[in-house]
Amino acid sequence: MKSYLLYALGMLTVLVCICQDDILVFFKSASADEHKPATMTTVTADVAVVNANTVQTTTEATLAYDCALPEPVETAEKITIKKAIISNNDNTVIKMPKNTFDRSQTVRLNGMVYQSLEDKLIACIAYLENYFPNSYFCGARWTIGYGTTGYTNGRRVASNESISKEEAQTCVRHHLRSYVFPIIDKYVERELSEEEMLATCLFIYNIGGGNFADKKGSGRPCAFLQALNDNESPRESARKMTEFYRSAGKKADGLLKRRWIEGAIFCGYLTVDDILQLEPAGFYNSSSLNDYYMSSHPDRDGFYSYRFDQDTLNRFLNENQGTNKRVVDII
């Protein structure tokens, strides 16, 4: 009997050795199953997918953007990634210099405080006028620097004179403080956003405070000022700037080009950061107004309607990128 027991115990030991892997797997599976959650939950999130040309936005962001667009476009065209500005055909991206604008300088107008307003205006004026260190004859007056015709002491610019960038900027600041800001404070009845204030100052800098507040002594303000005070839409207010498109009684394409830039700034389509990278006064080389206006002729009410679609804005930025010289280089 004892020998039988020893024989059975030996056989059991052999079986355990043969089947130990299966037994271990069985116990491991049971152990793993004990810790496995009963159900699996998948969490989704909004994702912005970026490729070389477009950004797909959430429905909420798309609806907000629709409100700002002048006309409907396809979703894929609504937000574009601007091309990096390349210098000398290499892969060096031009970066904005730090401290381009002095944020400690503020201007208070119509109850609003604007940081670096004068610096930003100088950048815009430098684009519109270019910088000339020597006096030149423009129309009926001698002009110098950033399109100024007089100095801070009141003396008119004359032939064979020169000026530094710093002196030219002082002249611009003096003109803004003496002949632009006071006009806005006195006649504009509503608060303006920074973009609106920049464009309004540029407009007055060009046409003069007298034409802005009292067009040609008629006793009524210009159409743009009236639109501001009537709180018309930004697009319609900017369109009223094109009332001033004549020089010496004749249509001047150069003035309409200038109005387009002012209108684009006013409506927020063109920023100062964009302007800093452009070729000074390069836009005046554009040959066709039809690329930037709905028609080469005014509408029935006497004003021109702008093109501010994405293609037009991209064309403007691409055609006017500074290569040898940029606005940031002349301020």
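Modeller: Happy to; we can start with the overall picture, then go to the pocket, a helix and some single residues.

Colleague: What should I know about the model first?

Modeller: It is a predicted model, where local features need pLDDT of at least 70 and side-chain atom pairs count only at pLDDT 80 or more, while totals for chains, interfaces and linings use all residues. Residues are numbered from 1 along each chain as its sequence is written, and side-chain values use heavy atoms, with hydrogens and water left out.

Colleague: How many helices and strands does the protein have?

Modeller: There are 11 helices and eight strands. These are DSSP runs numbered from the N terminus: H or I over at least four residues for helices, E over at least two for strands.

Colleague: And what share of the residues is buried?

Modeller: Of 331 residues, 37% count as buried. Buried is under 20% relative accessible area, exposed is over 50%, and partly exposed is in between, using a 1.4 Å probe and protein chains only. The protein exposes about 19800 Å², with 52% of that coming from carbon and sulfur atoms; the areas are from the Shrake-Rupley method with a 1.4 Å probe, and for residues only the protein chains shown count as cover.

Colleague: On to the pocket. What volume does the largest one have?

Modeller: About 1600 Å³. On a 1 Å grid over the protein atoms alone, a pocket is an open set of points with protein on both sides within 12 Å along at least five of seven lines, and lining residues have an atom within 4 Å of a point. Points are joined across faces, edges and corners, and the volume is the space filled by probe spheres set on them.

Colleague: Which residues are closest to its centre?

Modeller: Of the 44 lining residues, those are Arg141, Thr149, Tyr205, Asn206 and Ile207. The lining divides into 17 nonpolar, 17 polar and 10 charged residues. Here Ala, Val, Leu, Ile, Met, Phe, Trp, Tyr, Cys and Pro are nonpolar, Asp, Glu, Lys and Arg are charged, and the others, Gly among them, are polar.

Colleague: Which elements supply at least two of the lining residues each?

Modeller: Among them are α3 (117–129), β5 (132–138), α4 (165–187) and α5 (194–207).

Colleague: Tell me about α5, then. Why is it described as largely enclosed?

Modeller: Because 11 of its 14 residues are buried, including Glu196, Phe203 and Tyr205. Helix α5 reaches 20 Å from first C-alpha to last, close to the 20 Å expected at 1.5 Å a residue, where the expected span is 1.5 Å times one less than the number of residues. Just after α5, glycine 208 has a positive phi of about 95°.

Colleague: Buried or exposed, for alanine 248 and alanine 281?

Modeller: Alanine 248 counts as exposed, at 80% relative accessibility, whereas alanine 281 counts as buried at 18%.

Colleague: Last one: what is lysine 215 in contact with?

Modeller: Leaving aside neighbours within four places in sequence, lysine 215 is in contact with Gly210, Arg220, Cys222, Glu243 and Phe244, where contact means heavy atoms within 4.5 Å. Lysine 215 counts as buried, at 17% relative accessibility.

Technical notes:
1 Å grid on protein atoms, 1.4 Å probe; cavity = no way out; pocket = protein on both sides within 12 Å on 5 of 7 lines; lining within 4 Å.
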